[in-house]
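Look at the structure shown here and keep it in view while reading.

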Amino acid sequence: MGGAGAPEWVIREDASQPVLLALYLRQVLGIRSPDELPQLRGVPARIHDRDEEAQARLERQWREYWAMTVEPQAHPSPVPLELIDGFDTLVALPLDGSDDLRAAIAPYAAEAVAYSQSAKERYRKDSAAKPGVSYRAYASAIAEHERQVGRRAHSFELNVQVLPLTQRGVWWIGSLTIAVTDGLRGDVAAFDAAIHPIIAELA
């Protein structure tokens, strides 16, 4: 986006099935982190009776899996990964150090995959109904930032995950990745206001 020698900005927007699936598992397993990120809509809360030590182990293993899912290039696994039965190719966990998580997620495979598929499909339909809207939203935010600072935007990359969360907002979920509520993403004026500070931080 820009000619030869001009700054380049790359924004990828998606509702990634692995990310949706990881958040579904977070909810049904009673994982608290990341604390600031709201819950998914339409996923019932489950009650668990794990002791504190077991819960802490599970949370640590889920956080590692989450980091690898959101930004795999930035968080490579130090040990080989293996695909988990029932999750197609959507969940890969380290061979060592993920035993608690592997056992805990096994009963939820079918429902987690089904939820992530339907949420991804909903996002795809919404995007297809408004072709070009996605690019224009970011381009106008960048143009406005350039007007405010009086220079071209620096080159940057941003990944945007559009998710069916219970609260409207924008949250950093990785060093180059934000989560945006689907309702906010669909509100042109509100999304424009919400994305401005993100663009200003990067560009």
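A pocket is found on a 1 Å grid over the protein atoms alone, as an open set of points where a 1.4 Å probe fits, with protein on both sides within 12 Å along at least five of seven lines; lining residues have an atom within 4 Å of a point. The model is predicted, with local features needing pLDDT of at least 70, side-chain atom pairs counting only at pLDDT 80 or more, and totals for chains, interfaces and linings using all residues. Residues are numbered from 1 along each chain as its sequence is written, and side-chain values use heavy atoms, with hydrogens and water left out.

The largest pocket has 24 lining residues, and nearest its centre are Glu-13, Asp-126, Lys-130, Arg-185 and Gly-186. Its volume is about 490 Å³, where volume is the space filled by probe spheres set on the grid points, which are joined across faces, edges and corners. Helices (H or I, at least four residues) and strands (E, at least two) are DSSP runs, numbered from the N terminus. Two or more lining residues of the largest pocket come from each of α4, α5 (133-149), β4 (156-163), α6 (182-185) and α7 (188-202). This lining divides into 10 nonpolar, six polar and eight charged residues. Here Ala, Val, Leu, Ile, Met, Phe, Trp, Tyr, Cys and Pro count as nonpolar, Asp, Glu, Lys and Arg as charged, and the others, Gly among them, as polar.

The second largest pocket holds about 290 Å³ of space. Of its 18 lining residues, Val-70, Pro-72, Gln-73, Asn-159 and Thr-177 lie nearest the centre. β1 (9-14), α2 (52-70) and β4 each give two or more residues to this lining, and β4 gives the most, with four. The lining of the second largest pocket has six nonpolar, seven polar and five charged residues.

Now turn to the helices. The axes of α1 and α2 come within 10 Å and cross at roughly 170°; axes are lines fitted to C-alpha atoms, for helices over the stretch in contact, and angles run from 0 to 180 degrees between N-to-C directions. α1 is therefore roughly antiparallel to α2, a label for angles over 145 degrees, while under 35 is roughly parallel, 65 to 115 roughly perpendicular and the rest oblique. Contact means heavy atoms within 4.5 Å. Residues of α1 in this contact include Pro-18, Leu-25 and Leu-29, and those of α2 include Trp-62, Tyr-65 and Val-70. By class, the contact has 12 nonpolar, two polar and one charged residues.

Helix α1 (residues 17-29) also meets helix α4 (residues 109-129), their axes coming within 9 Å and crossing at roughly 135°. These two helices are therefore oblique to each other. Among the residues in contact are Leu-20 and Tyr-24 in α1 and Val-113 and Tyr-115 in α4. The contact of α1 with α4 has nine nonpolar, three polar and two charged residues.

Two backbone details remain. Ser-33 and Pro-34 are joined by a cis peptide bond, with omega about -10°, and Pro-34 is in the loop between α1 and α2. Asp-88 has a positive phi of about 55°, although it is not a glycine. Asp-88 is placed in the loop between β2 (81-83) and β3 (92-94).
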